Amino acid sequence: MAIILDGNALAKRIRIHVKKRAILLPAPPELAVILVGNDPASQVYVDNKRKDCEKCGIISHVHHVDATLGEARLISLIHQLNTQSEISGILVQMPLPEGYNPQNVLHAISPEKDVDAFHPLTVGNFYLGSTPTFLPCTPAGVMELLDAYEIDPQGKHAVVVGASNIVGKPMATLLLARNATVTTCHIYTQNLASHTRNADILVVAVGKVNLITADMVKPSAVVIDIGINREGDTLRGDVDFEAVKKIASHITPVPGGVGPMTRAMLMRNTLNAALGRSRD
Ligand code: NAD
């Protein structure tokens, strides 16, 4: 039976660490979160961020603006936050309502405050391996989980299913940076199982319940399920957890695996943003 990778417990340890360091700063870190419109899932995510900040000694400011605000005024709000020295990090909750170009909005955030790590300068530094301050939260959270359980990617065959800009691609890059041999699969990959069965470390970030069944997993593989699928009030991942946990060596549950780690990494990035400024 697989060891369950406990993201809740590790995220709690990281929050405690962030709080200990935040308290030592001359002023607490401050995170500005902008929520545009009334998407219910986004409201839950923003509220969770507010609660995480409270636990970490980070001051949060939620700017909840109407969907009719318009891109130009949203960008001018971001510019204003860029100039406020007490604000360490700025985050715009995605997805934006129709009529907004997410590229224009994300590019307006000052790279020094880009705690979600979506600005092209941050992304460029990340792919070049130029030790950026900010790492993309979900892939960074997965690497923390692997490290906490002493799973070393070096020399392993890592297969990442999903190739989005915010999850799959940076996930593959971080595994490559740790000397794994990486295969990336996506919607056009033929015979997905022939790839996943070769994985020592299998990371799945698609958004499709039970995409990965037990017959697609190599015995003793490490299985990381990033997928979040809502079924009524229940959250499910992309992996058939009950069947796969019987053959994997390690597996993340959904919920309680990667999700809390993503949130913890945002807190860490916000602390890092404040540390960067305090080093000036
Ligand atoms: P996305 O829709 O942007 O990308 C999905 C990727 O999956 C694409 O690269 C696509 O080619 C690939 N794909 C789709 N169907 C496939 C198939 N049948 N076989 C192989 N590949 C397939 O999604 P995303 O933003 O990368 O998110 C992926 C999942 O991760 C979603 O469920 C999302 O909710 C979840 N997510 C979780 C966290 C977390 O903290 N746990 C964070 C971000 C995203």
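Threonine 122 sits in helix α5, which spans residues 120-128; helices here are DSSP runs of H or I with at least four residues, strands are runs of E with at least two, and both are numbered from the N terminus. The model is predicted, so local features need pLDDT of at least 70 and side-chain atom pairs count only at pLDDT 80 or more, while totals for chains, interfaces and linings use all residues. Residues are numbered from 1 along each chain as its sequence is written, and side-chain values use heavy atoms, with hydrogens and water left out.

With a relative accessible area of 6%, threonine 122 is buried (buried means under 20%, exposed over 50% and partly exposed in between, for a 1.4 Å probe and protein chains only). Leaving aside residues up to four places away in sequence, threonine 122 touches Pro111, Asp114, Ala117 and Phe134, a contact being heavy atoms within 4.5 Å.

Turning to the backbone, most residues other than glycine have a negative phi, and most peptide bonds are trans. Asparagine 179, although not a glycine, has a positive phi of about 70°; this residue is in the loop between α7 (168-177) and β6 (181-185) and is partly exposed at 45% relative accessibility. Asparagine 210 likewise is not a glycine and has a positive phi, of about 60°. Its place is the loop between β7 (201-204) and β8 (222-225), and at 32% relative accessibility asparagine 210 is partly exposed.

A cis peptide bond, with omega about 0°, links methionine 94 to proline 95, and proline 95 belongs to the loop between β4 (89-92) and α4 (102-107).
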